[in-house]
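Dear colleague,

I am passing on the structure below, and my notes on what was found in it follow directly after. Please read them alongside the coordinates and the sequence.

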Amino acid sequence: MEQAPKEKKQRILSGIQPSGTPSLGNYIGAMRNWKLLEDQYDCLYMIADLHAITVRQEPAKLRAQSIQLLALLLAIGLDPEKNVLFFQSHVPQHAQIGWLLNCYTYMGEMSRMTQFKDKSAKHADNINCGLFTYPILMAGDILLYQANLVPVGHDQTQHLEICRDIATRVNGVYGNVFTVPEGYYPKVGARVMSLQEPTRKMSKSDPDDCFISILDTPDAIRRKYRRAVTDSDAEIRFDPAAKPGVSNLLSILCALTGEPMDALVERLSGKGYGELKSAVTEATVETLSPIQARFNQVMGDKAYLESVYRTGAQRAGILAERTLAKLMKKIGFIAK
Ligand code: TRP
């Protein structure tokens with residue numbers, strides 16, 4: 001039988017930090033879209049544990065959250081054969097390229113990073129150099145794999161821009177070393193906001209009642225939505241500027257059920273906020289329960305988890321070494 005010529009798939013790389021359990025916002029905005037990419041692209045997903053230590057981590061907790069995150073990636077349905085799933089710290093080339101790229105990045109460029117300014121204000125007692133140079137490590141993560149596309153949230157746009165600048169600069173000096181990556185922003189996908197401060201993005205590093213975690217129990221989910229900030233005019237309408245809390249609940253509900261916003265608003269018009277909150281609670285529990293069931297199953301199978309991350313590191317390592325060796329040769333190091 002004649003086969004269609006195999007086109008080389010575009011490569012995707014993304015990273016997620018093992019700092020706390022991912023939130024519903026991470027799931028809706030990022031993780032669930034990853035599953036949709038696995039056939040069309042050549043995908044690598046990295047648990048960015050090296051990035052996590054830019055803020056102080058308790059060792060046992062870091063370990064637990066890292067393995068949990070791997071289990072969650074499997075629980076949302078990512079196939080470990082189709083996707084390379086790995087821990088960043090298992091592929092030493094990340095740290096190595098990080099140093100090299102430090103020498104091709106200017107202090108001035110780093111100083112403009114808004115996330116550094118935010119994070120150093122938040123962690124004033126530990127403004128370490130890693131926190132400052134973190135975008136360089138991230139650039140290395142992407143460039144090592146010659147990724148074409150990088151799915152990230154808008155909070156990472158500036159980091160992706162610097163990655164492109166570094167890649168272009170290195171290519172300018174040494175010829176073609178790196179693929180210059182593009183951001184990949186899913187067409188659909190609501191921006192999920194904090195339940196307590198709905199003008200800010202939902203973040204897993206905020207206080208517990210601000211976000212739904214993927215592993216929250218139905219009771220916790222119900223309680224958090226019940227306490228979610230709304231407003232006092234008792235009208236269900238999608239208007240993020242005037243009614244950020246209600247609009248956030250509406251967009252979560254739409255994102256989870258796939259119902260168009262107009263239809264949803266019409267269906268709920270004249271109803272109370274209590275009803276909206278029960279609907280969004282129900283949709284959330286329904287989405288998360290099967291994921292949690294798979295998560296528990298995977299967490300119970302340590303041998304399987306080990307085989308996934310070992311294979312992942314091996315596959316990632318081969319690709320990473322290829323790029324690192326090429327760069328080192330171009331720079332002028334003596335080959336081993
Ligand atoms: N910096 C990203 C975040 O905090 C995580 C990350 C690390 C990443 N390395 C990456 C994302 C490479 C995309 C590509 O969300």
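The ligand is surrounded by 14 residues, counting a residue when one of its heavy atoms lies within 4 Å of the molecule, and the closest are Gln17, Tyr134, Met138, Asp141 and Gln156. This is a predicted model, in which local features need pLDDT of at least 70 and side-chain atom pairs count only at pLDDT 80 or more, while totals for chains, interfaces and linings use all residues. Residues are numbered from 1 along each chain as its sequence is written, and side-chain values use heavy atoms, with hydrogens and water left out.

On the oxygen side, a polar side-chain atom of Gln17 is 3.2 Å from an oxygen atom of the ligand. Of the 370 Å² of accessible area that the ligand has on its own, the protein covers 89% (Shrake-Rupley method, 1.4 Å probe).

The elements giving two or more residues to this shell are β1 (11-16) and α7 (129-144), where helices are DSSP runs of H or I with at least four residues and strands are runs of E with at least two. The largest share, four residues, comes from α7.

With regards

Notes
Polar contact = N/O pair within 3.5 Å; in protein donor to acceptor, adjacent residues only side chain to side chain.
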